Protein chains: 2
Amino acid sequence: MMVSTRGRYALRVMIDIAEHGENSSIPLKDIAIRQDISQKYLESIMTVLSKKELVQGIHGKGGGYSLTRKPSEYSIGEILRSTEGSLAPVACLECGASTCDRAVECKTLPMWGKLDYLISQYLDHIKLDDLVKNSLDEAFKNLDWLKLKS
Amino acid sequence: MMVSTRGRYALRVMIDIAEHGENSSIPLKDIAIRQDISQKYLESIMTVLSKKELVQGIHGKGGGYSLTRKPSEYSIGEILRSTEGSLAPVACLECGASTCDRAVECKTLPMWGKLDYLISQYLDHIKLDDLVKNSLDEAFKNLDWLKLKS
DNA sequence: ATCATTACCTATTAATTTGGTAGGTTGAAT
DNA sequence: ATTCAACCTACCAAATTAATAGGTAATGAT
């Protein structure tokens with residue numbers, strides 16, 4: 001499994017805010033109830049999203065979280081990467097990974113590289129907006145974006 | 001990370017056998033030395049590969065492991081799935097996963113489904129032979145196999 | 001000023017997965 | 001009989017995951 005609950009929850013929160021917080025902050029409590037996720041656990045996820053400025057948190061009464069951009073300006077890849085750390089399919093490709101001695105002659109590395117590229121292209125191509133509007137199919141109307149060459 | 005050392009090691013072992021065991025069994029000890037992987041750890045991986053009949057183990061002196069098919073008849077997906085259990089990007093899609101209450105209305109599930117399909121198509125399209133011969137690029141000459149529709 | 005509300009911060013923890021080790025048993029060739 | 005090598009069982013340490021618990025700080029309403 002590549003994406004844990006952290007990433008999946010983060011996505012659901014972002015969708016929830018996009019749907020319910022048009023131009024208002026919505027308290028985490030509401031999101032936790034609607035999504036049926038522990039509020040305490042969500043807090044730790046929101047800390048990350050907030051630090052990376054994907055959402056803005058406002059203290060006190062009437063406060064809560066709101067998006068910092070339009071839903072069409074978030075890619076799913078960005079959201080997942082921010083909470084998961086990396087979307088690389090193997091440790092070898094994780095940024096910061098000490099390059100393996102065998103890397104040069106490795107028969108599998110190119111395959112992992114291409115897979116990583118494929119996954120990234122896919123997830124970066126989809127925008128938060130596409131999920132909110134259930135318009136995933138349209139995002140793939142023409143597949144010009146997918147070039148396996150690199 | 002989607003593929004752990006188990007899967008990566010399994011792949012390297014399969015490539016090693018394909019390269020060195022044309023029509024002879026090769027002892028795990030040799031593979032462990034060549035690949036610089038703990039023999040004991042490899043044993044637990046070989047057990048799985050052997051049970052699923054991806055390799056054949058021969059006891060006693062002169063014994064060792066050999067492939068049960070031609071390298072062109074193994075897909076990378078099959079090898080990885082056999083040791084990793086599942087290549088699904090999220091738990092929701094793992095076979096045997098209790099279907100989530102929200103599945104019907106879930107805004108993210110279709111996206112995960114397509115990603116799963118994309119990864120599977122990619123890894124099932126590549127054959128062990130392609131890695132042995134470093135001929136990955138040729139495998140993608142024409143991308144007819146990649147249809148994101150489903 | 002006080003209170004309710006809400007984000008934010010710091011620990012702690014239980015369960016699971018990962019990546020091994022250790023030692024013994026069985027089967028086969030010489 | 002000996003040696004080699006697969007196979008089997010059990011255990012273990014570290015890391016990761018998925019939380020929980022209990023507080024502090026900021027903000028708006030009264």
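## Extent of the interface

In this predicted model, the contact between the two chains draws on 42 residues from chain A and 43 residues from chain B. Together the chains bury about 3700 Å², and carbon and sulfur atoms account for 68% of that area. On the chain B side, B:Met1, B:Lys107 and B:Met111 contribute 19% of the area buried against chain A, more than any other three residues.

## Polar and charged interactions

Between chain B and chain A there are 4 salt bridges. One of them joins A:Lys114 to B:Asp137, with 3.2 Å between the closest N and O atoms.

The side of chain B that touches chain A receives at least two residues from each of α1 (5-20), α2 (28-35), α4 (76-84), α5 (109-125), α6 (128-132) and α7 (136-139) of chain B. The most is given by α5(B), with 9 residues. By residue class, this side of chain B comprises 29 nonpolar, 11 charged and 3 polar residues.

## Helix α5 of chain B

Helix α5(B) has 17 residues, which at 1.5 Å a residue should span 24 Å; the C-alpha atoms at its ends are 24 Å apart, in agreement with that expectation. Its buried residues are B:Met111, B:Trp112, B:Lys114, B:Leu115, B:Leu118, B:Ile119, B:Ser120, B:Tyr122 and B:Leu123. An α-helix has 3.6 residues a turn, so residues three or four places apart point the same way.

The buried residues of α5(B) pack against elements of both chains. From chain A these are α1 (5-20), α4 (76-84), α5 (109-125), α6 (128-132) and α7 (136-139), while chain B supplies α4.

What surrounds B:Thr83, leaving aside residues up to four places away in sequence? The residues that B:Thr83 touches on this basis are B:Arg6, B:Gly7, B:Ala10, B:Ile45, B:Val48 and B:Leu49.

B:Thr83 belongs to helix α4 of chain B. Its relative accessible area is 9%, and B:Thr83 is therefore classed as buried, the cut-off being under 20%. A polar atom of the B:Thr83 side chain lies 3.3 Å from the backbone oxygen of B:Ile79.

Notes:
Residues are numbered from 1 along each chain as its sequence is written. Chains are lettered from A and ligands numbered from 1 in the order in which they are written. This is a predicted model: local features need pLDDT of at least 70, side-chain atom pairs count only at pLDDT 80 or more; totals for chains, interfaces and linings use all residues. Side-chain values use heavy atoms; hydrogens and water are left out. Contact means heavy atoms within 4.5 Å. Buried area is the accessible area (1.4 Å probe) that two parts lose on being put together, summed over both. A salt bridge is a side-chain nitrogen of Lys or Arg within 4 Å of a carboxyl oxygen of Asp or Glu. Helices (H or I, at least four residues) and strands (E, at least two) are DSSP runs, numbered from the N terminus. Ala, Val, Leu, Ile, Met, Phe, Trp, Tyr, Cys and Pro count as nonpolar, Asp, Glu, Lys and Arg as charged, and the others, Gly among them, as polar. The expected span of a helix is 1.5 Å times one less than its number of residues. Buried means under 20% relative accessible area, exposed over 50%, partly exposed in between (1.4 Å probe, protein chains only). A polar contact is a pair of N or O atoms within 3.5 Å; within protein, one must be able to donate a hydrogen and the other to accept it, and residues adjacent in sequence count only if both atoms are side-chain atoms.
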